[in-house]
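Let's take a friendly walk through a protein model, one stop at a time. Keep the picture open beside the text and look for each place as it comes up.

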Amino acid sequence: MAVNDPIADMLTRIRNANTAKHDTVDVPSSKTKLAIAQILLDEGYIKKFDLVDDGNFKTIRIALKYGADKNEKIISGLQRISKPGLRVYAGKEDLPRVLGGLGVAIISTNQGVITDKKARELQVGGEVLCFIW
């Protein structure tokens, strides 16, 4: 089955695995998805991720992170903002803040896929891919 929005598919897989309290989730690999997984790791939302080569195609295996007991989720929300049918762009002046700075907005810029904080530092705008809190 063809996936029209691979980033939304990745976020949905992570959200579903997190809700079901799975330890890991597998996502088909791409450069953008690897950049998003790196941001999730850097911001402390996941334990780690590995690139698994399954012969014909590569998969990202993401190890999800939970609190002291498995009932406490680190990722409480994921939301896709820019979709294939409606792209959402933000200039450097109006970059979004997620929950007053408690969450992270992932932005695709000409400097690569970066967080909203990093985009403010570099003074660049771009496509708002998703929010994570």
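Gln-123 sits in the loop that joins helix 3 (116-122) to strand 8 (126-132). Helices here are DSSP runs of H or I with at least four residues, strands are DSSP runs of E with at least two, and both are numbered from the N terminus. Before going further, please note that this is a predicted model, in which local features need pLDDT of at least 70 and side-chain atom pairs count only at pLDDT 80 or more, while totals for chains, interfaces and linings use all residues. Residues are numbered from 1 along each chain as its sequence is written, and side-chain values use heavy atoms, leaving out hydrogens and water.

Most residues other than glycine have a negative phi. Gln-123 counts as exposed, with 54% relative accessibility. On this scale, buried means under 20% relative accessible area, exposed means over 50%, and partly exposed lies in between (1.4 Å probe, protein chains only).

Lys-21 also has a positive phi without being a glycine, here of about 60 degrees. You can find Lys-21 in the loop between helix 1 (6-19) and strand 1 (24-28). Its relative accessible area is 28%, so Lys-21 is partly exposed.

Three strands form an open sheet in the order 1-3-2, with antiparallel pairing. Two strands pair if DSSP finds at least two bridges between them. Which strands stand at the edges? They are strand 1 and strand 2 (46-53); each has a single partner strand, so one side of each is left without a neighbour in the sheet. On average, neighbouring strands of this sheet are turned by 25 degrees against each other, direction ignored. Axes are lines fitted to C-alpha atoms, for helices over the stretch in contact, and angles run from 0 to 180 degrees between N-to-C directions.

Look next at strand 1 and strand 3 (residues 58-64), which pair in the antiparallel sense over five bridges. Within this pairing, Val-25 stands opposite Ile-62 of strand 3. Helix 1 packs on the sheet, where it touches strand 1 and strand 3, and its direction makes about 165 degrees with that of strand 1. Contact means heavy atoms within 4.5 Å. Helix 2 (residues 31-42) lies across strand 1, strand 2 and strand 3, running at about 155 degrees to strand 2.

Charged side chains are the next stop. Side chains of opposite charge can pair when their charged atoms come close. How many salt bridges does a search of the whole structure find? The search finds six, where a salt bridge is a side-chain nitrogen of Lys or Arg within 4 Å of a carboxyl oxygen of Asp or Glu.

One of them joins the side chains of Arg-80 and Asp-5, at 3.0 Å from N to O. This pair links distant parts of the chain: Arg-80 is in strand 4 (residues 78-80) and Asp-5 is in the segment before helix 1, 75 residues apart. Arg-80 is buried at 10% relative accessibility, and Asp-5 is buried at 14%.

Another salt bridge connects Asp-26 and Arg-61, whose closest N and O atoms are 2.8 Å apart. Asp-26 lies in strand 1 and Arg-61 in strand 3, so the pair ties together parts that are 35 residues apart in sequence. Asp-26 is partly exposed at 30%, and Arg-61 is partly exposed at 34%.

A salt bridge also forms between the side chains of Asp-9 and Arg-13, with 3.0 Å from N to O. Both residues lie in helix 1, four residues apart, which is about one turn of the helix.

Leaving out residues up to four places away in sequence, Thr-115 touches Ile-39, Glu-43, Val-104, Ala-105 and Ile-107. Tyr-89 belongs to strand 5 (residues 89-90) and counts as exposed, at 58% relative accessibility. Leaving out residues up to four places away in sequence, Tyr-89 touches Gly-126 and Glu-127.
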